[in-house]
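Good morning, colleagues. Please turn to the sequence and the structure on the screen, and I will take you through the fold and its core.

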Amino acid sequence: MVQQAVNQNAIQPPANLLEQIQLARIEERYSDIAELIPEENRGKVFHELLFPTIITIRDIENQKDSNKEWMSQILKWRDIDKEGIKRSNSLGWHSRINMHTREEFIPMGQQFLLQATEVGRRMGLDESAEPVIVSMWANVSPYGATNRHHTHPGTFLSLAYYVQAPPGCGKICFTDPRAEANVLIPPFAMDKPRATEALHEVFYDPIPGRCVMFPSWLGHDVLPNLTQMQGDDGLRISVSANIFFTVRIGKGKMPVKSGHDPMGLLTRDGEIIKGKGILDL
Ligand SMILES: [Fe+2]
């Protein structure tokens, strides 16, 4: 459904005119709408921000204790599976992507799903839509390690969560997905902040305990870890996950998108559902 919010918002009609304007819009009586625009609104400029990108921030409770425990589990995992896998990581260790099915990390995944639920609400998803984690992994980045520019195809939401972030360990950078918006850049003032909707790249600090959630299609990269801290204290440790929204139909039947890894999906209840493509409804 395409929402036609422009006319209604731009004229900002007094409450007593709203109903008449709604009706006129439904019946497409455009001349009547023109008559209803209050005289004091004429000549003014109204801005609207359409096609925005929702980036959500959440700082988890009790981050110090949780992160201490998770860091030790992640480093243990790295010591057992030294090679890990190669994705966007350069120099750093990238775990396998089944982190959400490992018991010790299920509470972490559930934190992400709480946040995803809020994103779904903000977007106006169907009441029955439920977020599930389809993949989750850890990145352990020593000095010099970076992540190249990439997106996360095939899911709705992705995230970066920070377990340990020493000073100078590298910010995450999001880039404007509208290629055309970068073709010609107008002369922005150098001495005042640019409007957020006019930014072409945005850097976020890696704050321990913070989860930055974003649409999976949004391009991003991570700057190199240039910390001066030594040993394990100098490691940048982060976790990422991909989240899909499913819809419950009937008694607990959950259709899932086929093609996801059959290692399983983590639900908000901490349950792991084995991915079998589209389940019988
Ligand atoms: Fe990523």
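Predicted model: local features only at pLDDT ≥ 70, side-chain atom pairs only at ≥ 80, totals over all residues.

What share of the contacts in the protein chain with a separation of 6 or more comes from residues 24 or more positions apart? The figure is 80%.

Let me begin with the overall composition. The protein chain contains five helices and 13 strands. It has 281 residues, of which 25% count as buried.

I turn now to the core. The largest nonpolar core comprises 40 residues. Those with the most contacts inside it are Phe112, Ile133, Leu159, Tyr161, Met213, Val239 and Ile243. Strand 4 supplies the largest share, seven residues.

Tyr161 deserves a separate word. Leaving aside residues up to four places away in sequence, Tyr161 touches Phe112, Cys211, Ser238 and Val239.

Five strands form an open sheet in the order 2-5-10-7-8, with antiparallel pairing. Strand 2 (89-90) and strand 8 (201-204) stand at the edges with a single partner strand each, so one side of each is left without a neighbour in the sheet. Within the sheet, strand 5 (residues 146-150) pairs with strand 10 (residues 220-222) in the antiparallel sense, over two bridges. Which residue of strand 10 stands opposite His150? It is His220.

Thank you for your attention.

Methods. Residues numbered from 1 in each chain as written. Pairing = 2+ DSSP bridges. Helix = DSSP H or I, 4+ residues; strand = E, 2+ residues; numbered from the N terminus. Buried ≥ 20, exposed ≤ 12 C-beta atoms within 10 Å, placed from the backbone. Contact = placed C-beta atoms within 7 Å. Core = buried A, V, L, I, M, F, W, Y, C linked by C-beta atoms within 7 Å.
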